[in-house]
Amino acid sequence: MPLLLHAFNEPPRFEQFSEPIAEENEVIVHVRAAALKPVDKQMASGSHYAAFRELPVVCGMDGVGCLDDGTRVFFARPRSPYGSMAQRTIVSPSHSFPIPDNIDDDIAAAIVNPGLSAWGALAWRAQLAAGETVLILGATGVTGKLAVQTAKLLGAGRVIAAGRNEQVLNTLHNLGADTTICLDKPGQDLAEAFAREAGETGFDVIIDYLWGPPTEALVAALTRRDMKPASSRVRLVEVGESAGPAISLPAAALRSSRLEILGAGTGNAPASPEIWLEAVRQLLSNVATGKLRIDTERVPLREVEDTWQRDQHGRRTVIIP
């Protein structure tokens with residue numbers, strides 16, 4: 001039985017649904033693991049910009065499974081109304097990628113989506129150059145932790161990790177963070193903390209998974225109080241909105257600095273399948289060699305209703321059918 005969504009803002013339910021039947025240019029995937037991600041919850045609540053248009057649907061946007069010939073794959077974008085949180089689903093063959101044998105199902109299911117998100121924000125949108133200084137805003141979440149690691153792999157000279165969970169924040173030096181900022185401060189104090197870490201050279205790239213008040217404090221720290229030309233670009237890439245969907249942006253922040261605000265999402269992702277295929281291959285290679293790590297918690301599909309809203313504190317819930 002799959003995890004079925006009948007109405008927005010209501011928890012999905014573990015119950016019977018019609019069996020998937022593959023059509024031309026489709027394959028059946030026998031699901032072995034599917035990660036429960038923030039985007040899955042946003043889709044189920046109807047708050048995501050690409051939320052489901054027709055209900056009911058089976059939840060889950062991607063996962064790991066086996067094809068009928070036994071090939072083990074990571075798959076994405078099942079054909080609606082079928083999703084990955086089920087025993088079986090349907091995908092296009094072009095949306096599945098073989099997985100190295102030495103990567104466990106739960107790790108592969110958990111890491112591809114946030115790993116590609118981190119790579120896309122840093123390499124594709126920010127175009128991070130070797131030696132640049134990177135601030136990860138929201139570094140204690142699953143994708144933020146991967147962004148810390150990815151920034152180092154891409155050659156960042158210095159990585160500052162800012163997050164709200166102090167316990168997780170204290171572990172990020174082991175993942176490559178050079179220093180950390182705890183976001184549990186009033187706005188002015190937080191702006192001063194950002195300014196201290198920016199120093200004279202500033203931040204080159206900011207990856208923002210939070211938005212809302214923390215970003216407003218950051219913008220205040222970046223706003224200059226003199227008439228001198230700024231010496232370098234600051235690329236702020238907005239990826240998530242877990243601290244709020246909107247910010248107040250003073251005109252002075254853009255006029256007094258070289259702050260550039262970009263977004264990272266499906267609307268501005270690379271259109272070339274070859275780019276994503278190579279990114280997946282490189283990502284899985286880094287996982288297989290231990291260069292990228294992710295913490296997971298395995299949960300049986302029949303128990304996911306009880307864990308749907310649980311905060312995992314830097315761990316990814318992986319559903320096992």
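Thr-296 is buried in this predicted model, with a relative accessible area of 14%, where buried denotes under 20% relative accessible area, exposed over 50%, and partly exposed the range in between (1.4 Å probe, protein chains only). The residue belongs to strand S15 (residues 295–300); helices (H or I, at least four residues) and strands (E, at least two) are DSSP runs numbered from the N terminus. Leaving aside neighbours within four places in sequence, Thr-296 is in contact with Asp-106, Ile-107, Ala-110, Arg-315, Arg-316 and Val-318, contact being defined as heavy atoms within 4.5 Å. For Arg-315, which is 19 residues from Thr-296 along the chain, the separation of the two C-alpha atoms is 5.1 Å.

Because the model is predicted, local features require pLDDT of at least 70 and side-chain atom pairs count only at pLDDT 80 or more, whereas totals for chains, interfaces and linings use all residues. Residues are numbered from 1 along each chain as its sequence is written, and side-chain values use heavy atoms, with hydrogens and water left out.

Since Trp-119 lies in helix H2 (residues 105–125) and Trp-276 in helix H8 (residues 273–288), the pair ties together parts that are 157 residues apart in sequence. Trp-119 is partly exposed at 24% relative accessibility, and Trp-276 is likewise partly exposed, at 23%.

Helix H5 (residues 187–198) and helix H6 (residues 212–222) have axes that come within 8 Å and cross at roughly 55°, the axes being lines fitted to C-alpha atoms over the stretch in contact and the angles running from 0 to 180 degrees between N-to-C directions. H5 is therefore oblique to H6, given that angles under 35 degrees count as roughly parallel, over 145 as roughly antiparallel, 65 to 115 as roughly perpendicular and the rest as oblique. Gly-187, Leu-190, Ala-191, Phe-194 and Ala-195 of H5 make the contact with Pro-214, Ala-217, Leu-218, Ala-220 and Ala-221 of H6.

A search of the whole structure for disulfides, defined as pairs of cysteine sulfur atoms within 2.5 Å, returned zero. Cys-66 is buried at 15% relative accessible area, and Cys-182 is buried at 17%.
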